[in-house]
Amino acid sequence: MLTIHCDTIELSDSETEIECSQATFLPSSQRSQVFEISDDEPPTAPLTSSPSAQLLNLSDDDDDMSISSPQKALPRGSVDKGKARAFSGYDLQLDSGYRQTSTCADSDEASSPPKKTRVNTLDVVKQQTKRRGKTVEEKAREKELKDYERDKKKAERARQKQLKDDEKSAQKRAQKAQKELDKAQKQRDKEDKALHRTVNQLLLNKKEALQYMTLILSKSFRKSYPDFARLLHAKLDGHKAGIRDDGPDLLPGYDTVRWQRLVFKEYDTSVRAFKAVKPSYQKYEKFALIRLSIVQLRNLVQKNGLVDLVQDFRQAHGLGRKDHMYIMISGMGKFRTRNAAEWKKLEGALTSLQFQEDVYLACVENEQEAVDRLYNYSGDLGIREDKLISRSYLPFCPDTKVKVGKDPKDTWTKMLSQIHRVTDSGAEGIVEQYPTMRSLLMAYEKNPSDGERLLTESKVNYRIDGQKTIEGRGHDKLGLALSRRVHTILCGTDHLALVVKDK
């Protein structure tokens, strides 16, 4: 078998031309491969290990050539007419064994264009891959770039660390602030609880209540009773009560007294407890007093002006019909002993005034008695609200501590004995009639109209001192007053109802 290396092979349907030039060819390992393929056929990669050479086998018996390529061998005459196909860098093998590279083209087409100068790709690659030396400027610039990148990374690490430190510091500050807030809240809660206990301690001592009261005297007191202010200060200053003698003269020619109370707590009916008032403030009491001398009283009765005076006084001070008003009369005792006939006339006028205008009378003979009366009035006003709360049954009963009895009946007896003025013997009489609370409540339901009188006939065998009662003298029964009181506690709906008010 002869192998011929051909430079150009032109193929056509009628003939085959082979031009060989062995001396000018490069080795097969350095030759490049060029295909010109028609648009109708996709290109295929060569099958051999050397991408720059393919084999064409030609036999000695005929003119056919076999192309050792991954593509199928084209039969004779199968090349499209009018189109040329060039094979550059293919090896042709003849039967004689001579090897030559050939380039083939259809005979119908024009000859292929001049070949470009072939470049040894291996040398080009070696030249490109050959490391050239760096200049001083390039080395300096590369070092500067590396330093910049190193400093940038270092700065980024420092920034991230600073962010983490700041976040930890912020968390610590937030935790510290929260602890301080919690501590302050606990302190406020502690103070609120202490204040709640303080304001809910019932103020029932008149002397202690005087420190929250202020007496306001009209300016006319200085002229009418010059020693009155001195005695009043001596009586009240030791109890820290306030005294003012610059009150307005709303009724010229008449001496008046008003009271103010320092309000530092208010009763909340929804929770049945006092709440602290912040800030505290002064409040006028619905209570006033007008002082008349016996001469002024005689003139008013003779002119029938006593009722008009009371009405004008209330209107000037903004008092209603149900608000308390006192008339203090000076020298009434002496006048009554000296002028009995005229006294009866004055007494009738005063009695009519009491029923008509709901006023209260107070008779004094000297300035000290007047001071003592104002002292008592001030103390009563100071404890008035707490006294009403202490007598209301709903706030009173839950605060009562009842000892557990030996059995349910004994416990029921002890519960009844906690009611104001119900003795142990009275409780035993109720339990004897109604052994359980349920039985008594059912009796109240059956007789709602007569509930207050239900326990009137309950027996009371012993007095509070242990002495046995005398039958037939009215001391052997519970009575209407205590029967009403028990009914109020068990069936009443008014939380401010007084359990000690019998009438």
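Start by selecting Cys363. This cysteine is partly exposed, at a relative accessible area of 35%. Keep in mind that the model is predicted.

Now pick Cys491. Its relative accessibility is 31%, and Cys491 too counts as partly exposed. Look for sulfur pairs if you like: the structure holds zero disulfides.

**Helix α14**

Next, select residues 437-446, which form helix α14. Which residues of α14 are buried? Colour Leu440, Ala443 and Tyr444. These three span an arc of only 100° around the axis, which puts them on the same side of α14. An α-helix has 3.6 residues a turn, so residues three or four places apart point the same way.

What covers the buried residues of α14? Show α12 (408-417) and α15 (480-491); both are among the covering elements.

**Asp255**

Jump to strand β12, residues 255-268, and select Asp255 within this strand. Where is the nearest side chain of opposite charge to Asp255? Select Arg291: the separation is 6.0 Å. Asp255 is buried, yet has no salt bridge.

Finish with the surroundings. Leaving out residues up to four places away in sequence, Asp255 touches Ser218, Ser220, Phe221, Ser224, Tyr225, Leu289, Ile290 and Arg291.

Methods:
Residues numbered from 1 in each chain as written. Predicted model: local features only at pLDDT ≥ 70, side-chain atom pairs only at ≥ 80, totals over all residues. Heavy atoms only, no water. Buried < 20%, exposed > 50% of the residue type's maximum accessible area, 1.4 Å probe, protein only. Helix = DSSP H or I, 4+ residues; strand = E, 2+ residues; numbered from the N terminus. Arc of directions from axis to C-beta. Contact = heavy atoms within 4.5 Å. Disulfide = S-S within 2.5 Å. Lys, Arg positive; Asp, Glu negative; His and termini not counted. Salt bridge = Lys/Arg side-chain N within 4 Å of Asp/Glu carboxyl O.
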